[in-house]
Amino acid sequence: MSHGLSRPRPTPGPTPPVRCPVHAQAVPLYKSVHRPDHALLWEELRARFGTVAPVEIRPGVPGWLLLGYHENLNVLRNPASFATDPARWRESREERQADRVHGAALAVDGERHRRMRAPIVEGLRALSGRRLTGAIKQTATSLIDRFATRGQADLIADYAVPLPAMVLNFLFGLDTRYGDLLARLCAARNGGDPDTAARAAADIHRYVTALVERRRAEPGDDFVSRLLAHPAGLTDDEVAAELTMLLRAGVQPTAHLVGNALRLLLTRSEVATAYRGAALPSVDFLDYVMWADPPLQTLAARYPTRDVRIGGADIKEGEALVLGFAPAHADPATRRGDRDAFDALVGNRAHLMWGAGPHGCPAQALACEIAITAIDTLIDRLDPVLDGTPDDLRWRASLSVHGLVSLPVTFRPEPAPAVPEQPAPRARRRLLPVRAGRPRAQGARYSAPGAAIEDTASRAASARHARVGTPTSRATGARYHVPAAEEARPDPLEGLLTRWG
Ligand code: HEM
């Protein structure tokens, strides 16, 4: 019997996309960010999929997570088959954003990569040595001075997080006021609040752009001047992209290498005893931390340059592969015995924390120097103990960075310095001469998405200044041309100091 209701007829509309049957079972990785047990997550994925798991990186954005040690290494070492340039990403063809800084070394391949990498490698090499170690020690000491009289500190926020940014600022040749500024900007960019993070990212771009402009005008014996003077002939925009990438690639992992190392020393007495007794050399200790507690868990991304089969999975050209450092270190194929067995791991250099292949981290020596100096300076001076139990410690809600939210410690407070510190004399306000426009970037094919906006804004600002300083109509008939007086404009770096001071 009919109820008078006709069957609903299918309404015409767009055909739903055909879903890849494998990605139909993709695990929404982003939903596991807040899980406290990421180690368990990797094991669940391995039990279900083997060495490569289909995942959703963000809602609706598919990818593959490499869980196997050999699969990760193989991808890293084969740049011809696995590119880093996000332009190769299927998704980016649909206007989706990649996390890499466009045009910088980490986002280009082949000859373009060699051109972008060489200045960084040579610049870092030129600046290593005793002067650098002295600067790291001095920076670490100045940070400890700020809390030594309190008898308690959070070694993440007060120490591990600001230190790497301050050291990089030193390499860039700027004074400590800018070191504090850069540390604040990086902490805000990596913090939880999206609005503050966006403002900080925009101001980091202003910091690097103004820094490059200053070094172009006044070269010195610093890393940025070396990048600018390198025979590769990088443009100002390219150097700014390199610096942005360097800050992104370097600051967080170094901070959490320091934090994770300090956690081990404060929570594992056998590790602390071996380290303090010099039975465990510093470099072996860092290798152990990077294997057992890698500061980077996963890292996006590589893009196959053709269809490939990895670990039994058929992966299409241009699909995103997420490198899985932490899962690789837990791969049963590489492990003998207990995951945390300290004795079995000392001297093990097999961790993938520096990457491998052509994009392998060029700053290993610098990162290790910062970490070892930071650890030794702190424990030699304060001999801190953990404030609470190891179970109270919380990891950051991130699948890429593996680091603590905080590391509270107590120690015997140092007496306050007898002579109160004099306030630093106010630096004279810097004014820059107005130029009619910045030199145009030559040859940069890609620039960071933010850079494009910034560039337009700063060009408009330059044009505004230029209009003030440039006569609007040409004087006719003048016998002698009097050059227009150069107008001054405030130094943008100083503007940032005011904003974040
Ligand atoms: C513990 C600290 C650090 C870790 C664990 C680390 C890890 C890595 C890894 C895994 C890569 C390769 C990424 C890939 O292949 O996709 C890399 C590349 C890179 N890192 Fe580091 N890094 C650290 C510190 C630093 C520091 C302090 C700097 C800068 C001063 C830095 C600058 C770079 C640069 C420029 C690249 C790109 C190289 C290229 O594409 O040729 N890193 N890093």
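This is a predicted model: local features need pLDDT of at least 70, side-chain atom pairs count only at pLDDT 80 or more; totals for chains, interfaces and linings use all residues.
Student: What is in the protein chain, in helices and strands?
Tutor: There are 18 helices and 13 strands in the chain. Of its 501 residues, 38% count as buried. Also, among contacts with a separation of 6 or more, 75% are between residues 24 or more positions apart.

Student: What makes A278 exposed?
Tutor: Count the other C-beta atoms within 10 Å: A278 has 8. The cut-off for exposed is 12 or fewer, so A278 is exposed. You'll find A278 in the loop between α12 (269–276) and α13 (282–292).

Student: What is noted about the phi of A278?
Tutor: A278 has a positive phi, about 65°, although it is not a glycine. Most residues other than glycine have a negative phi.

Student: How do you know that D383 is exposed?
Tutor: Try the count again: D383 has 11 other C-beta atoms within 10 Å. With 12 or fewer counting as exposed, D383 is therefore exposed. D383 sits in the loop between α16 and β10 (385–386). D383 isn't a glycine, yet its phi is positive, about 45°.

Student: Why does A333 count as exposed?
Tutor: A333 has 10 C-beta neighbours inside 10 Å, and 12 or fewer is the cut-off, so A333 counts as exposed. Its place is the loop between α14 (325–329) and α15 (342–345).

Student: Which residues is A333 in contact with, leaving aside its neighbours within four places in sequence?
Tutor: Those are G68, Y69 and H70. Take H70: A333 and H70 are 263 residues apart along the chain, while their C-alpha atoms are separated by 8.6 Å.

Student: Why is α7 called largely enclosed by the rest of the structure?
Tutor: A residue is buried if 20 or more other C-beta atoms lie within 10 Å of its own. In α7, 9 of the 10 residues are buried, so the helix is largely enclosed by the rest of the structure. The buried ones are P162, L163, P164, A165, M166, V167, L168, N169 and F170.

Student: What do those buried residues of α7 pack against?
Tutor: They pack against α5, α6 (156–160), α8 (176–190), α11 and α16. Just after α7, G173 takes a positive phi of about 85°.

Student: Which residues of α7 and α11 meet?
Tutor: From α7 there are L163, P164, A165 and L168, and these meet L247, G250, V251, T254, A255 and V258 in α11. By class, this contact has 8 nonpolar, 2 polar and no charged residues.

Student: Which residues make the contact of α5 and α16?
Tutor: On α5 they are L132, T133, I136, K137, A140, T141 and I144. On α16 they are E369, I370, T373, A374, T377, L378, R381 and L382. Together they divide into 8 nonpolar, 4 polar and 3 charged.

Student: Which residues come nearest to the ligand?
Tutor: Of the 27 residues around the ligand, G250, G355, H359, C361 and A363 come nearest. α4 (110–127), α11 (236–267) and α16 each supply at least two residues of the shell. α11 gives the most, with 7 residues. By class, the shell has 20 nonpolar, 6 polar and 1 charged residues.

Student: How do you know that the peptide bond from A300 to A301 is cis?
Tutor: Look at omega: for this bond the angle is near 5°, and the bond is cis. Most peptide bonds are trans. A301 lies in strand β6 (residues 298–304).

Conventions: Residues are numbered from 1 along each chain as its sequence is written. Two residues are in contact if their C-beta atoms, placed from the backbone, lie within 7 Å. Helices (H or I, at least four residues) and strands (E, at least two) are DSSP runs, numbered from the N terminus. Ala, Val, Leu, Ile, Met, Phe, Trp, Tyr, Cys and Pro count as nonpolar, Asp, Glu, Lys and Arg as charged, and the others, Gly among them, as polar. A residue is near a molecule or strand if its C-beta atom, placed from the backbone, lies within 6 Å of it.
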